[in-house]
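Hi,

Here is the structure I promised to pass on. Please open it first, then read my notes below.

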Amino acid sequence: MNEIISLLFIVIGAMFDLFGCVGLVRMPDIYNRLQASTKCVTLGTCSILFGVFIKYGFTAAGVKALLCIIFLLLTAPVTAHALARGAHKSGVKLWEKSVCDKYSETGS
Amino acid sequence: MRFIRWLLGFLSLSFLIVFIFSFLKVAAAAKIMLFLLICFSLALFRIFRGPTPADRSVATDILGILVIGFCAVLAVYTGKDWYMDIAIAWALQSFIGTLALAKFLEGKHLDE
Amino acid sequence: MMRSRTVTFIICFLMWMLLSFRLDWQHLAVGLIVALLAALAMGEMFTDSAFKWFEPKRYLWFFVYIFVFTWECFKANIDVAFRVLSPDLPINPGIVKVKTILKTETALTFLANFITLTPGTLSVDIDRGEGELYIHWINVRTQDVEEASRIIVAKFERILKEVFE
């Protein structure tokens, strides 16, 4: 029973990984790529690690999978934030059909 | 034109998924590893094609997160525990590397 | 000062025990030495006031935060998967400005993380002096500052205020 549930979590995580990577290829500019790929790939990888935790239970490998989930949830949004700020400061323009850009109006 | 491109991509991706999950006679974890290889190839496509350095940095970050999931599935497939150690070390290392890349994009020195 | 170092030492030692997950005297000795060194070197930077770590009400609110966070994350993924897979790419992006009432650094960091993983928003920059956040929104519904803050950040501010301030 545990095997089936863990395999289900791993398959769902792999599907979300694929959606994130398709978003990385299809979206028109860097900010939209960051949106799609960061959300989907982070939760997909967390789901894969949770499946590994269900398979092993509270042994060494299972607890390491839980710690890896915590690290990933803390670090992935920080890297997305830093990359978005760095891209905007290095002069990457938004997509030409964007609605508004309040950040470049402040002149910072 | 746009709809034809979407249909082409959708058909090829679904063909690959159906091929992997129904016609190959390997273990279930190996099927998921092949499935993740498709994700790797999509991220590598963005690294090749990216118009600006920022796009390449984003794709490198995503590739780093995918490697963690690949290590976890590899630990299930081989039954060895120490692949999880590699996953944790890779998570911390790719975090620091991406922060350094973002500081480089911003055009500042590293000690600021 | 001393309390802050104690909290850092306890957290480092707990993390080490979870990572090694074996009860030898060798592992315990190495963990004690390394956690002591880390607490002596980094203890002042880790937390600004150590009294917040000893109030059990904050941990209760942190569990509420984790449940809300997981549910919003799941909704965000369904939303993004729908947008990515549909043929005509229904996006309407833009960068808007919102105001927040949170003040401390930890609360602002967690608010930015929360915004990045909830549906359709990505935090771009934080202005700590005036409490303003710049947010990239994939489907801009309004450009007004008050309206956007009510839609995006208002439902998380109360939980984070109970946890971190």
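**Where chain A meets chain C**

Start with two helices from two chains. Helix 3 of chain A (residues 60-89) packs against helix 4 of chain C (residues 105-117). Their axes lie 9 Å apart, at an angle of about 85°. That makes the helix from chain A roughly perpendicular to the one from chain C. Keep in mind that this is a predicted model.

Why quote both an angle and a distance? Because two packed helices are described by the angle between their axes and the distance between those axes.

Now find the residues. On the chain A side, look for A:Pro77, A:Ala80 and A:His81 in helix 3. They meet C:Ala112, C:Asn113, C:Thr116 and C:Leu117 in helix 4 of chain C. Sort the residues of this contact by type and you get four nonpolar, three polar and no charged.

**Chain C in two parts**

Stay with chain C for a moment. Chain C is divided into two domains. Domain 1 covers 2-52, and domain 2 covers 55-164. Taken over C-alpha atoms, the centres of these two domains of chain C are separated by 32 Å.

**Where chain A meets chain B**

Next, turn to the other side of the story. Here 41 residues of chain A are in contact with 40 residues of chain B. Which elements of chain A give two or more residues to this side? They are helix 1 (2-26), helix 2 (30-56) and helix 3 of chain A. The largest share comes from helix 3 of chain A, with 17 residues. By type, the chain A side that touches chain B has 27 nonpolar, eight polar and six charged residues.

**Chain B itself**

Chain B has four helices and zero strands. From the N terminus on, its elements run α-α-α-α. Is chain B compact or spread out? Its radius of gyration is 18 Å, while the globule rule gives 13 Å for 112 residues. The 18 Å is well over that, so chain B is more spread out than a compact globule.

The C-alpha atoms of chain B fill a box of roughly 55 × 50 × 15 Å along the principal axes. Of the 112 residues of chain B, 31% count as buried. Among contacts in chain B with a separation of 6 or more, 39% come from residues 24 or more positions apart.

Best wishes

Technical notes
Residues are numbered from 1 along each chain as its sequence is written. Chains are lettered from A and ligands numbered from 1 in the order in which they are written. This is a predicted model: local features need pLDDT of at least 70, side-chain atom pairs count only at pLDDT 80 or more; totals for chains, interfaces and linings use all residues. The radius of gyration is taken over C-alpha atoms; the globule rule is 2.2 Å times the number of residues to the power 0.38. A residue is buried if 20 or more other C-beta atoms lie within 10 Å of its own, exposed if 12 or fewer, and partly exposed in between; C-beta atoms are placed from the backbone. Two residues are in contact if their C-beta atoms, placed from the backbone, lie within 7 Å. Axes are lines fitted to C-alpha atoms, for helices over the stretch in contact, and angles run from 0 to 180 degrees between N-to-C directions. Angles under 35 degrees count as roughly parallel, over 145 as roughly antiparallel, 65 to 115 as roughly perpendicular and the rest as oblique. Ala, Val, Leu, Ile, Met, Phe, Trp, Tyr, Cys and Pro count as nonpolar, Asp, Glu, Lys and Arg as charged, and the others, Gly among them, as polar. Domain bounds come from an automatic or database domain assignment.
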